[in-house]
Amino acid sequence: MQHFRCLYDVEDANMASRRGNTKTHLQSDKYSVLLPTYNERENLPLIVWLLVKYFGESGYNYEIIVIDDGSPDGTLQIAEQLQKIYGSDKIILRPRAQKLGLGTAYIHGVKHATGNFVIIMDADLSHHPKFIPQFIEKQKEGGYDLVSGTRYSGDGGVYGWDLRRKLISRGANFVTQVLLRPGASDLTGSFRLYKKEVLEKLVERCVSKGYVFQMEMIVRARQLDCTIGEVPISFVDRVYGESKLGGNEIVSFLKGLLTLFATT
Amino acid sequence: MSHHTFRHRGVIKVRCLFESGGFCHSYFTLLCPIILCTMTKLLEWVFGVSLIGIAWGLVTFDLLDLQLPPQYKDVAWPMPIYLLVVFGCYSLATVGYRVATFNDCEDAAKELQAQIKEAKGELKKKGLKM
């Protein structure tokens with residue numbers, strides 16, 4: 001019966017926030033962007049610049065939380081410089097000593113987030129901050145618990161993928177849709193906006209890693225009866241650095257898929 | 001119950017079958033939310049496939065001794081293979097179509113490249129040392 005309790009917890013929190021914010025509704029919403037990084041010294045300044053640009057233009061209140069996992073390339077030093085440029089209220093550094101994985105990076109980041117919404121995205125420029133205002137509008141439009149970027153519907157798409165990569169991606173997505181019926185079109189994407197309390201609840205329940213982690217987040221969201229909105233995004237495969245999809249990734253994806261199939 | 005309807009449509013139909021026969025109404029309304037919440041996707045599939053399997057067996061081997069016309073049997077026995085082939089074709093067609101119509105975001109890549117240049121220039125001015 002945990003299921004019902006969760007639904008109500010989230011609703012209580014919403015009611016509370018609504019009651020508290022009736023006067024300054026627009027001002028009170030704050031968006032915390034979590035940027036987990038590992039060897040992103042080239043990309044980090046660019047993504048931060050883009051975030052500042054689009055948040056500045058749309059006027060939403062925001063903060064950027066950089067969670068660097070002890071990158072040997074000096075990502076943290078670059079982040080410190082950025083903090084000096086843009087201010088320590090906008091750029092918040094929460095480094096960790098070593099690479100500990102995405103799930104724990106989110107838990108770590110959320111702990112320090114002061115916003116009531118959390119946006120997670122990759123720092124490698126494959127996710128463009130220009131979509132964030134659309135995410136926010138979508139969320140407000142339907143009061144969604146989470147808004148997911150999707151490469152697979154509407155104007156969404158990819159850049160830099162060959163036929164093989166497209167085939168694997170579409171095939172994997174089809175199999176997943178058939179087996180799990182998750183109610184969202186892009187399961188392995190990691191460009192999403194969450195209500196903070198929803199993200200906390202979901203992360204707490206997730207056990208898998210890598211591609212499967214993102215998929216599990218959506219599946220758990222369905223289990224908890226969260227509402228999901230979608231925004232088509234263009235995914236530009238990493239400009240600097242290598243993007244990989246080998247046999248190992250595929251095997252671990254299938255393992256994760258079957259685990260979710262049998263346990264959720 | 002409304003929020004379960006989408007997720008467990010198949011199961012709810014089954015429940016209605018029992019209910020319309022007046023079969024332990026209150027028992028099922030009580031138990032169903034619990035079953036529905038705890039049923040994994042795997043169990044849903046096992047459940048669905050066994051229902052189809054039972055229906056198929058009943059007609060093909062005439063297990064209930066209903067003395068169905070022989071045409072029924074002729075249609076029924078190749079049904080599992082027929083369904084598999086149809087599903088396979090549907091899957092191939094769907095995936096093929098989606099790969100063919102997967103958007104290539106050339107403009108997005110160009111826009112990003114231009115913005116990277118702009119960003120680098122501006123960050124340098126602000127004193128960032130790469």
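The secondary structure of chain A comes to 10 helices and nine strands. The model is a predicted one. Chain A has 264 residues, and 57% of them count as buried. Of its contacts with a separation of 6 or more, 82% are between residues 24 or more positions apart.

**The nonpolar cores**

In soluble globular proteins, nonpolar side chains tend to be buried together. Here the largest nonpolar core has 46 residues. Leu35(A), Ile47(A), Val48(A), Leu51(A), Phe55(A) and Ile64(A) have the most contacts inside it. Chain A gives two or more residues from each of strand S1 (30-37), helix H3 (43-58), strand S2 (61-68), helix H4 (75-86), strand S3 (91-93), strand S4 (117-120) and helix H6 (132-142). The largest share, 10 residues, comes from H3(A). Another core, of 35 residues, lies apart from this one; Ile120(A), Leu180(A), Leu202(A) and Cys226(A) are among its members.

Leu35(A) shows the packing in detail. Beyond four places away in sequence, its contacts include Leu44(A), Ile47(A), Val48(A) and Leu51(A). Ile64(A), Ile65(A), Val66(A) and Ile67(A) are also among the residues that Leu35(A) touches.

**The interface**

Chain B and chain A bury about 4,100 Å² between them. Carbon and sulfur atoms account for 67% of that area. The contact takes 49 residues from chain A and 39 residues from chain B. Across the interface there are 14 residue pairs in polar contact. On the side of chain B that touches chain A, helix H3 (41-60), helix H5 (79-100) and H6 of chain B each give two or more residues. H6(B) gives the most, with 13 residues. This side of chain B divides into 18 nonpolar, nine polar and 12 charged residues.

Thr40(B) sits in the loop between helix H2 (25-38) and H3 of chain B. Is Thr40(B) buried or exposed? Thr40(B) counts as buried because its relative accessibility is 12%, under the 20% cut-off. Thr40(B) touches Phe261(A), Ala262(A), Thr263(A) and Thr264(A).

**Salt bridges**

Side chains of opposite charge can pair when their charged atoms come close. The count comes to 14 salt bridges over all chains, and three cross the interface of chain B and chain A.

| Salt bridge | N to O distance |
|---|---|
| Glu44(B) and Arg181(A) | 2.8 Å |
| Glu111(B) and Lys130(A) | 2.5 Å |
| Lys166(A) and Asp104(B) | 3.1 Å |
| Lys30(A) and Glu63(A) | 3.6 Å |

Glu111(B) counts as partly exposed, at 30% relative accessibility.

Lys166(A) belongs to helix H7 (residues 163-180) of chain A, and Asp104(B) to the loop between H5 and H6 of chain B. Lys166(A) is buried, with a relative accessible area of 9%. Asp104(B) counts as partly exposed, at 42% relative accessibility. Salt bridges that share partners also join Arg181(A), Lys41(B) and Glu44(B) into one network.

How values were computed:
Residues numbered from 1 in each chain as written. Chains lettered and ligands numbered in written order. Predicted model: local features only at pLDDT ≥ 70, side-chain atom pairs only at ≥ 80, totals over all residues. Heavy atoms only, no water. Core = buried A, V, L, I, M, F, W, Y, C linked by side-chain atoms within 4.5 Å. Buried < 20%, exposed > 50% of the residue type's maximum accessible area, 1.4 Å probe, protein only. Helix = DSSP H or I, 4+ residues; strand = E, 2+ residues; numbered from the N terminus. Contact = heavy atoms within 4.5 Å. Buried area = accessible area lost by both parts, 1.4 Å probe. Salt bridge = Lys/Arg side-chain N within 4 Å of Asp/Glu carboxyl O. Polar contact = N/O pair within 3.5 Å; in protein donor to acceptor, adjacent residues only side chain to side chain. Nonpolar A, V, L, I, M, F, W, Y, C, P; charged D, E, K, R; others polar.
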